[in-house]
Amino acid sequence: MQITPTSIPDVLLFEPKVFGDERGWFFESFRQDIFERHAGSYRFVQDNESFSRYGVVRGLHYQKPPHAQGKLVRVIRGEVLDVAVDIRTGSPDFGKHTAQLLSESNHRMMWIPPGFAHGFAVLSETALFSYKCTDYYAPTHDAGVRWNDPAIGIDWRLPEADVSLSDKDQRQPMLHEIEPVELTS
């Protein structure tokens, strides 16, 4: 497995070695020992899956401590632009983002540690998105940042007229309106 830091070093891309022939292909989608060697010691407690159509933007979501979540995300079908925004107190990368293409053909996975807001945009006709979480979903700690906050400046690679958002995501606060996430170890 190839592990590559993104423009924000704590956010990592995991790219598995794919073994294929005329019958199809195989790859290891997760190995705890390799993950821990590169990302640290985390325990995954919940797996989630979502299906979306072209133009859907989900995010930017996070959970406040003590239920902050790390996420290991991947695309099973289709293609998305996956985005992580650093919202950690005192981080030199606060307010910066990294955006990576994840698809069924590149098999990449992105590790988004606790303290990041996360979202994705569906660039293909449909997308099946899967992710592992380091904490359970806690509705009372659910939070977010506005998807199109100009202070963050994300190019979602979609015409704005094609963007489809939930009511919740349309009402998220701007980055300057949130309380940065303070993590304790």
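Q: Which residues of helix α1 (residues 32-39) are buried?

A: Some conventions come first. The model is predicted, and local features need pLDDT of at least 70, side-chain atom pairs count only at pLDDT 80 or more, while totals for chains, interfaces and linings use all residues. Residues are numbered from 1 along each chain as its sequence is written, and side-chain values use heavy atoms, with hydrogens and water left out. Buried means under 20% relative accessible area, exposed over 50%, and partly exposed in between (1.4 Å probe, protein chains only). Helices (H or I, at least four residues) and strands (E, at least two) are DSSP runs, numbered from the N terminus. In α1, the buried residues are I34, F35 and A39.

Q: Where do the buried residues of α1 fall when seen down its axis?

A: The arc is taken from the directions that run from the helix axis to the C-beta atoms. In α1 the buried residues fall within an arc of 100°, so they line one face of the helix.

Q: Which elements do the buried residues of α1 pack against, and what follows the helix?

A: Contact means heavy atoms within 4.5 Å. The buried residues of α1 pack against strands β1 (2-5), β2 (12-15), β7 (71-77) and β10 (109-112). After α1 comes G40, which has a positive phi, near 105°.

Q: Where does UniProt place the feature "active site"?

A: UniProt positions are given in the numbering used here, feature names are shortened, and annotations may be inferred rather than shown by experiment. The unreviewed UniProt entry places this feature at H61 and Y131. They span 71 residues in sequence, yet no two of their C-alpha atoms are more than 13.4 Å apart, so they gather at one spot.

Q: In which strands are H61 and Y131 found, and what do they touch?

A: H61 belongs to strand β6 (residues 57-63). Not counting residues up to four places away in sequence, H61 touches several residues, including K71, F116, H118 and D169. Y131 lies in strand β12 (residues 126-133). Leaving aside neighbours within four places in sequence, Y131 is in contact with Q46, D47, N48, K71, L72 and V73.

Q: Is Y131 buried or exposed?

A: Y131 counts as buried because its relative accessibility is 19%.

Q: How many salt bridges are there?

A: A salt bridge is a side-chain nitrogen of Lys or Arg within 4 Å of a carboxyl oxygen of Asp or Glu. By this rule the count comes to 10. One of them joins the side chains of D21 and R23, with N to O at 2.6 Å. D21 is partly exposed at 36% relative accessibility, whereas R23 is exposed at 73%.

Q: Which residues form salt bridges with R31?

A: R31 forms one with E28, where the closest N and O atoms are 3.8 Å apart. R31 forms another with D33, the closest N and O atoms being 2.5 Å apart. Salt bridges that share partners also join D10, D86 and R88 into one network.

Q: What does the side chain of D149 reach?

A: A charged side chain can be examined for partners of opposite charge; Lys and Arg count as positive and Asp and Glu as negative, while His and the chain ends are not counted. D149 is found in the loop between β13 (142-144) and α2 (167-170). D149 is buried yet has no salt bridge, and the nearest side chain of opposite charge, R146, is 7.6 Å away. The side chain of D149 reaches the backbone nitrogen of L175 at 2.6 Å.

Technical notes: Polar contact = N/O pair within 3.5 Å; in protein donor to acceptor, adjacent residues only side chain to side chain.
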